Amino acid sequence: MLDVENLENYRENNRIEAKEALGGLPESIWETYSAFANAEGGIILLGVEELPDKSLHALDILDPLWLLEDFFTVLTDPTRVSANILTPEDTRIHTVEGKTIISITVPAADSSQRPVYIGDDPYRGSYRRCGEGDFRIPKEEVDAMLAERSDFHAL
């Protein structure tokens with residue numbers, strides 16, 4: 001569990017990603033969602049910036065409920081994301097030093113749901129986390145994940 005009161009002690013890594021999200025949901029949130037779901041899981045922080053020294057700093061999300069509603073609207077659209085592996089309990093609104101941030105805890109997807117991908121093409125929309133970045137999964141790994149799924153028919 002992330003101790004948001006000590007946010008400055010954390011760094012982005014293979015299990016934590018900070019996104020400013022002051023203008024709404026950043027498009028890159030979906031790559032991170034896919035990457036965490038296809039690996040060991042992780043926490044997406046909205047309303048948080050990474051400073052030059054790599055420390056994390058709370059900004060202030062003005063309408064966190066609207067942002068979460070927008071997030072779940074996209075998440076439950078099968079044309080945008082292949083699987084919703086979250087529940088509302090996986091999201092939390094926090095106040096840090098008087099500023100509102102959101103944490104989204106993405107669990108690792110079950111092998112029957114992998115790969116979790118963006119859009120309608122698992123080969124173009126599947127990501128995995130490596131360090132601080134989200135990277136497209138190679139075709140061979142996507143094929144292996146798809147082979148484990150019982151509900152998927154080869155493209």
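This is a predicted model: local features need pLDDT of at least 70, side-chain atom pairs count only at pLDDT 80 or more; totals for chains, interfaces and linings use all residues.
## A walk from the sheet to the cores

In strand E6, Ile102 is the bridge partner of Leu46. Residues are numbered from 1 along each chain as its sequence is written, and side-chain values use heavy atoms, with hydrogens and water left out. Helices (H or I, at least four residues) and strands (E, at least two) are DSSP runs, numbered from the N terminus.

Start with the sheet. Four strands form it, in the order E1-E2-E6-E5. The sheet is open, and its pairing is mixed. Two strands count as paired if DSSP finds at least two bridges between them. Strand E1 (16–19) and strand E5 (91–96) stand at the edges. Each has a single partner strand, so one side of each is left without a neighbour in the sheet. On average, neighbouring strands are turned by 25° against each other, direction ignored. The axes behind such angles are lines fitted to C-alpha atoms, for helices over the stretch in contact, and angles run from 0 to 180 degrees between N-to-C directions.

Now take the pairs one by one. Strands of a sheet pair through backbone hydrogen bonds, either parallel or antiparallel. E1 and E2 pair in the parallel sense, over four bridges. Here Ala18 has Leu45 of E2 as its bridge partner. E2 and E6 run antiparallel and are joined by five bridges. E5 and E6 also run antiparallel, with six bridges between them. One of the partners there is Ile104 in E6, bridged to Thr91.

E5 and E6 form a hairpin with two residues between them. Which residue in the turn has a positive phi? Glu97 does, at about 50°, although Glu97 is not a glycine. Glu97 is exposed, with a relative accessible area of 64%. Exposed means over 50% relative accessible area, buried means under 20%, and partly exposed lies in between (1.4 Å probe, protein chains only). E6 itself is mostly covered: six of its eight residues are buried.

Next, the helix over the sheet. H1 lies across E1, E2 and E6 and runs at about 160° to E2. H1 is mostly covered, with eight of its nine residues buried. Among them are Trp30, Tyr33 and Phe36. Ser34 also lies in H1 (residues 29–37). Is Ser34 buried or exposed? Ser34 is buried, because its relative accessible area is 0%. Leaving out residues up to four places away in sequence, Ser34 touches Val116, Tyr117, Ile118, Gly125, Ser126 and Tyr127. Contact here means heavy atoms within 4.5 Å.

A cis peptide bond joins Arg114 and Pro115, with omega about 0°. Pro115 is found in the loop between E6 and helix H3 (122–125).

Turn to the cores. In soluble globular proteins, nonpolar side chains tend to be buried together. A nonpolar core is a set of buried Ala, Val, Leu, Ile, Met, Phe, Trp, Tyr and Cys residues joined through side-chain atoms within 4.5 Å. The largest one has 25 residues. Trp30, Tyr33, Leu46, Phe71, Ile104 and Val106 touch the most other members. H1, strand E2 (42–46), helix H2 (64–75) and strand E6 (99–106) each give two or more residues to this core. H2 gives the largest share, six residues. A second, separate core has twelve residues, including Leu2, Val48, Leu56 and Ala58.

Ile104 touches Ile29, Gly42, Ile43, Ile44, Leu46, Phe71, Leu86, Asp90 and Thr91, not counting residues up to four places away in sequence. Leu56 is found in strand E4. Leu56 is buried, with a relative accessible area of 3%. Beyond its neighbours within four places in sequence, Leu56 is in contact with residues including Leu7, Tyr10, Ile16, Ala18, Leu45 and Val48. The C-alpha atoms of Leu56 and Ile29 are separated by 17 Å. These two residues are 27 residues apart along the chain.

Finish at the loop between strand E3 (48–50) and strand E4 (56–58), where Lys54 is found. Lys54 has a positive phi of about 80°, although Lys54 is not a glycine. At 38% relative accessibility, Lys54 counts as partly exposed.
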